[in-house]
Amino acid sequence: GLGNPGAEYTKTRHNAGFLLIDHLARRWRLGSFGRGDRARVVEATSQGQPLVLLKPQTYMNRSGAALAPYVGPRFDPASDLLVLVDDVAFPTGTFRLRGAGSAGGHNGLKSIEGVLRRQDYARLRIGVGPKRVGADLADFVLAPFPTEERPLLDELLDPMAEAVECWLAEGIEIAMTRFNRGRDGGTA
């Protein structure tokens with residue numbers, strides 16, 4: 001789950017990935033995140049497979065540094081990685097799964113791609129847009145959700161968690177088919 005550490009970022013659009021990963025940890029009763037190498041970490045087992053939830057503490061633009069210690073010969077980004085990330089291209093209250101693709105200008109994804117040296121990993125793109133015309137992108141994503149928009153994200157936490165659970169059990173292709181609806185993103 002991508003985001004920025006620190007109380008000043010907790011309720012910002014850029015921390016949508018942290019919001020979802022915290023929700024997953026509660027939903028799955030995994031306990032609290034502990035200290036890891038450049039990340040807050042909680043580890044568990046799901047269907048006999050190791051499961052690691054990471055919240056990078058490197059700030060968004062260096063998210064790949066938090067993932068790097070987990071990249072190894074037994075780790076295949078194409079099947080073993082799902083990045084939970086904010087996306088201004090989708091309206092708040094929507095999400096979309098994607099099996100591969102470019103970073104699309106998102107610095108957190110660029111950092112991950114720099115470490116992985118590839119783009120074929122799954123991501124769940126959490127709508128936090130649209131960006132206001134003329135607004136600075138950094139200012140927009142680092143601002144808290146407006147009062148009227150935060151409930152839209154909160155209502156999406158369970159459907160997004162179901163999409164993550166589908167990805168875990170059945171893979172990205174089935175999860176995309178089941179949860180991506182319409183041109184503007186999944187609404188599950």
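Predicted model: local features only at pLDDT ≥ 70, side-chain atom pairs only at ≥ 80, totals over all residues.

I started with Arg38, which sits in the loop between strand 1 (34–35) and strand 2 (39–46). Arg38 has a positive phi of about 65 degrees although it is not a glycine. My cut-offs are under 20% relative accessible area for buried, over 50% for exposed and partly exposed in between, with a 1.4 Å probe and protein chains only.

Residues are numbered from 1 along each chain as its sequence is written, and side-chain values use heavy atoms, with hydrogens and water left out.

Next I looked at Tyr59, in the loop between strand 3 and helix 2. Tyr59 also is not a glycine, yet has a positive phi of about 75 degrees. Tyr59 is partly exposed, with a relative accessible area of 41%. I also logged the peptide bond from Gly129 to Pro130, which is cis, with omega near 0 degrees. Pro130 lies in the loop between strand 6 and helix 5 (137–141). Why did I write these down? Most residues other than glycine have a negative phi, and most peptide bonds are trans.

Then I searched the whole structure for aromatic pairs and got one. The rings of Tyr9 and Tyr59 have their centres 6.1 Å apart and their planes at 80 degrees, so the pair is edge-to-face. For the record, rings of Phe, Tyr and Trp (its six-membered ring) pair if their centres lie within 6.5 Å; planes under 30 degrees apart are stacked, over 60 edge-to-face, the rest tilted. The pair links distant parts of the chain, 50 residues apart, with Tyr9 in the segment before helix 1.

Three strands form an open sheet in the order 4-6-5, with mixed pairing; two strands pair if DSSP finds at least two bridges between them. Strand 4 and strand 5 are the edges, each pairing on one side only. I counted seven bridges between strand 4 and strand 6, which run parallel, and four between strand 5 and strand 6 (residues 122–129), which run antiparallel. What is the bridge partner of Leu97 in strand 6? It is Leu124, and Leu84 has Leu124 as its bridge partner in strand 6 as well.

Last stop was helix 6 (residues 150–170). Its 21 residues reach 30 Å from first C-alpha to last, close to the 30 Å expected at 1.5 Å a residue, where the expected span is 1.5 Å times one less than the number of residues. Helix 6 bends by about 40 degrees at Leu157, and Pro159 follows within four residues; the bend is the angle between axes fitted to the seven residues ending there and the seven starting there. Its buried residues include Leu157, Pro159 and Trp167. Just after helix 6, Gly171 takes a positive phi of about 95 degrees.

Conventions:
Helix = DSSP H or I, 4+ residues; strand = E, 2+ residues; numbered from the N terminus.
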